[in-house]
Amino acid sequence: MASQLTKGVYEKYGVKYDTLTLSDGGCALTVTPEKGGMATSFTKNGEEYLWLRDRNFESTDRPRCGVPILFPSCSNPDNKVHIFDGVAYPMETHGFADLLPWKVTCADDSAIELTLVPNGLTKFVYPFDFLLTMRYTLAGNRAELALTVKNTGEKVLPFSFGFHPYFVASALENVQFDITAATCSEDPKGEQPAAPARITLTTRKEGAADSIRLLTGVESPMVFTDSGNGHRVTVDFDGHFGKGVLWQQDAESFVCMEPWNGWANSVNEPGHHEELAPGASLTAHWGITIE
């Protein structure tokens, strides 16, 4: 059956956001345009697969839940600044796309389409003109997310991008990953050791409050299964993504399995990020399948 669109409202603790939901059979994907244009729910037969941290979702802080969009960089650049034409520009963790409201340009039974353009805030930290378009579609239990970046300015546009999906997990020890990657480490700097045959998140650096794995040469798809809640989640992606991150934080019932295009300092490193000529555009596709 074809997907169907419904409009709703998220309202809690005095905060109110309009939502858009695509439904197909027993599955439903919800997007909240005002909150970084991100997906905030993906259910199958009423069971939630995305993790939402309510208090964080309702604040003005960087969203650490749902599926944040990372642009124009992933993680933190060195010294938390980008250098453009010899000038240092401060940059938030994972950029600014997840902090800003997106405009709804199309919402019907076939797709939800949102856009983001520069404003005074973005120009202060990122002196470029661009048009970002996010397109969400749903076919059964698979949601496709497509990001288009267009250079609307008169100079080359440098950037990286990625996505930071938070998935419900019963307990970290119940999660098993099926991922093929070239390297796997806990630090983006220095030597990157070869990935083991079985990648896990259950070990961490001494004293650390979270578990992280930074992957390069990642092959599509990445899959995890949770023996505690019976969930199986598949993240597939096109050739614009070659890096991945697995992350989990103490005392939280989620696991992140993230497709990335860039790395922490990529935008500062020649040859390690995307560059678009004036008028050019790039579209990257990836998907989430829930079972």
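1. The largest pocket is lined by 22 residues, and those nearest its centre are S75, D210, I212, L214 and W247. A pocket here is an open set of points on a 1 Å grid over the protein atoms alone, where a 1.4 Å probe fits, with protein on both sides within 12 Å along at least five of seven lines; lining residues have an atom within 4 Å of a point. The model is predicted, so local features need pLDDT of at least 70 and side-chain atom pairs pLDDT 80 or more, while totals for chains, interfaces and linings use all residues. Residues are numbered from 1 along each chain, and side-chain values use heavy atoms, without hydrogens and water.

2. The volume of the largest pocket is about 490 Å³, counted as the space filled by probe spheres set on the points, which are joined across faces, edges and corners. Its lining has 10 nonpolar, five polar and seven charged residues. Strand β18 gives the largest share of this lining, three residues.

3. The second largest pocket has a volume of about 260 Å³. Of its 14 lining residues, K243, W263, S266, E269 and H272 are the closest to its centre. By class, this lining has three nonpolar, seven polar and four charged residues.

4. T183 lies in strand β17, residues 183-185 (strands are DSSP runs of E, at least two residues, numbered from the N terminus). T183 counts as buried because its relative accessibility is 13% (buried means under 20% relative accessible area, with a 1.4 Å probe and protein chains only).

5. The side chains of T183 and T216 make a polar contact at 2.4 Å (a pair of N or O atoms within 3.5 Å, one able to donate a hydrogen and the other to accept it; residues adjacent in sequence count only if both atoms are side-chain atoms).

Technical notes
Helix = DSSP H or I, 4+ residues; strand = E, 2+ residues; numbered from the N terminus. Buried < 20%, exposed > 50% of the residue type's maximum accessible area, 1.4 Å probe, protein only. Nonpolar A, V, L, I, M, F, W, Y, C, P; charged D, E, K, R; others polar.
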